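These are my notes from going through one chain, entry by entry. I wrote down what I looked up and what I found.

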Amino acid sequence: MIKRPDYIREISKFIDTPIVKILAGVRRSGKSTILDMMKEELSERGIKSECIISKKYSEIENEDMTAKEMYEDLKKAIDGKGRCYLFLDEIQEIKGWEKVVNSIFEGCDADIYITGSNSKLMSSEISTYLSGRYVQIPVYTLSFKEYLTFKNIDGDINKAFEEYLQYGGFPIIGISNFDTKSAYQVVEGIYAAVITRDISKRHKIRDKDLFDRVVKYIIENVGKTFSANSIVNFLKSENRKTSVESVYNYLKWLGEAFIIYPCQRYDMQGKSVLKTQEKYYLSDISIKYSKMGFNTKMISSMLENIVFLELKRRGYDVYIGKNNTKEIDFVATRFDEKIYIQVCRSIPEDDEREVSNLLEIRDHYHKYVVTMDSLAKGNENGVEIINIASFLLKEEW
């Protein structure tokens with residue numbers, strides 16, 4: 001088991017605090033393994049093995065379990081052992097689990113850790129039952145730094161990044177030696193499970209063909225601004241009919257299943273979030289390859305996707321910047337920090353747009369142009385030009 005220390009550090013802050021720890025992210029992003037790492041952490045801290053209790057609710061033996069049966073099973077496992085540590089994996093499979101967790105939380109001496117592959121873990125039901133008593137810890141696929149660890153790479157980081165760009169960050173890919181075709185087949189299987197189990201069945205989608213076409217449109221247009229209306233109009237051009245409301249639902253459900261992440265636009269002059277023309281990024285770049293194959297024409301948008309995910313991993317709120325008529329790829333904020341980032345495959349010698357867009361921003365916050373140029377390094381009037389592999393590995397920005 002290869003450690004992911006950033007997650008252990010983050011979760012460890014909340015050990016033995018009266019807060020339910022919720023790990024949420026796309027299927028196969030490594031949530032269950034992180035729970036195993038936390039169990040090891042507790043063992044190393046001297047917690048007895050009989051007080052560390054694990055339940056996996058995606059297993060067939062729990063397929064028809066009711067909330068009442070779940071409660072009785074956990075209560076039986078806890079009774080007579082003193083303080084226990086509960087690890088409840090893929091808990092969204094049990095209808096009414098929120099009531100069970102609340103009852104255990106209030107009535108037992110237990111520290112609770114749960115995972116799920118659907119953001120309804122953060123739904124109104126949780127707010128009702130666990131108001132102010134839970135923390136969400138988002139789990140993403142492997143960062144570039146983690147990918148290097150998983151692959152045991154200690155050499156040319158630019159070459160390693162090209163590999164990461166081609167394979168993506170699902171942990172199962174990181175620990176294996178698949179060729180690209182096999183890797184994309186594995187990711188296609190993950191994607192299909194999410195689309196079928198977490199979305200189509202859960203929401204009883206009747207026109208699966210139409211839904212698949214909407215998803216394909218979104219995947220094709222990763223990193224581009226579009227609206228539900230533009231999707232509806234595109235479908236009309238293909239003689240397909242749907243409503244704006246249906247498209248909004250599809251986008252919402254894809255987000256709940258962590259297939260996509262929305263990125264809103266931010267008006268830097270009016271200092272307000274705009275409600276139209278969002279961009280969407282994938283939870284892992286390999287999802288696009290699994291549906292469309294790998295093509296060098298995709299690289300620019302996939303670089304953006306990688307940077308977006310790294311910003312999210314580090315706890316930033318991420319927006320597309322609108323500065324009058326100019327667009328800044330990312331405006332990222334975290335508490336009182338702010339950074340501006342332009343992402344490009346390369347910077348032609350006679351093209352200064354990437355830098356000039358940032359130079360028009362008149363404040364003291366850090367500004368970056370992130371590029372695949374292997375020798376990219378320097379500072380141009382306060383704008384730092386940096387190779388993407390080096391940017392992703394920087395401890396602090």
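**Entry 1: Arg133.** I first needed the cut-offs: a residue is buried under 20% relative accessible area, exposed over 50%, and partly exposed in between. I also note that the model is predicted. I looked up Arg133 and found a relative accessible area of 22%, so Arg133 is partly exposed. Arg133 sits in the loop between helix H5 (124-129) and strand E5 (134-138). I then listed its contacts, leaving aside neighbours within four places in sequence: Pro18, Ile19, Val20, Asn102, Phe105 and Glu106. I also checked a distance from Arg133 to Ile285. The two are 152 residues apart in sequence, and their C-alpha atoms are 34 Å apart in space.

**Entry 2: the whole chain.** I went back to the chain as a whole. I counted 16 helices and 13 strands. What radius of gyration would a compact globule with 397 residues have? The value would be near 21 Å, and the chain has 22 Å, which agrees. I noted the spans of the C-alpha trace along its principal axes as about 75 × 50 × 45 Å.

For cover, I found that 51% of the 397 residues count as buried. The accessible surface comes to about 19000 Å², and 46% of that surface belongs to carbon and sulfur atoms. I also looked at contacts between residues with a separation of 6 or more. Residues 24 or more positions apart account for 67% of these contacts. Last, I looked up the charges. There are 59 positive and 61 negative ones, and their mean positions are 4 Å apart.

**Entry 3: strand E4.** How many of the residues of E4 are buried? Strand E4 covers residues 110-116, and seven of its seven residues are buried. I sorted them by side. Ala110, Ile112, Ile114 and Gly116 are on one side, Asp111, Tyr113 and Thr115 are on the other, and both faces are covered.

I then looked for the partners of E4. Strand E1 (residues 20-24) pairs with E4 in the parallel sense over four bridges. Strand E3 (residues 84-89) also runs parallel to E4, and five bridges join them. Tyr113 turned up in both pairings. Tyr113 is the bridge partner of Lys21, and Tyr113 is also the bridge partner of Phe87.

**Entry 4: strand E13.** Five of its five residues are buried. Val383, Ile385 and Asn387 point one way, Glu384 and Ile386 point the other way, and all are buried.

In which sense does E11 pair with E13, parallel or antiparallel? Strand E11 (residues 366-371) pairs with E13 in the parallel sense over five bridges. Within this pairing, I noted that the bridge partner of Lys367 is Val383. Strand E12 (residues 377-380) pairs with E13 in the antiparallel sense over four bridges. Here the bridge partner of Asn379 is Glu384. E12 and E13 form a hairpin with two residues between them.

**Entry 5: positive phi.** Most residues other than glycine have a negative phi. I noted two further residues.

- Asp16 is not a glycine, and its phi is positive, near 65 degrees. Asp16 is placed in the loop between helix H1 (5-12) and E1. Its relative accessibility is 40%, so Asp16 counts as partly exposed.
- Asn324 is not a glycine either, and its phi is positive, about 55 degrees. Asn324 lies in the loop between strand E8 (317-323) and strand E9 (326-334).

**Entry 6: Lys181.** Is Lys181 buried or exposed? With 59% relative accessibility, Lys181 counts as exposed. Lys181 lies in helix H9, which covers residues 180-201. Lys181 and Asp209 are 28 residues apart along the chain, and 25 Å separates their C-alpha atoms.

Conventions. Residues numbered from 1 in each chain as written. Predicted model: local features only at pLDDT ≥ 70, side-chain atom pairs only at ≥ 80, totals over all residues. Heavy atoms only, no water. Rg over C-alpha atoms; globule rule 2.2 N^0.38 Å. Buried < 20%, exposed > 50% of the residue type's maximum accessible area, 1.4 Å probe, protein only. Contact = heavy atoms within 4.5 Å. Areas by Shrake-Rupley, 256 points an atom, 1.4 Å probe, with all protein chains shown as cover. Lys, Arg positive; Asp, Glu negative; His and termini not counted. Charge placed at Lys NZ, Arg CZ, Asp CG, Glu CD. Pairing = 2+ DSSP bridges.
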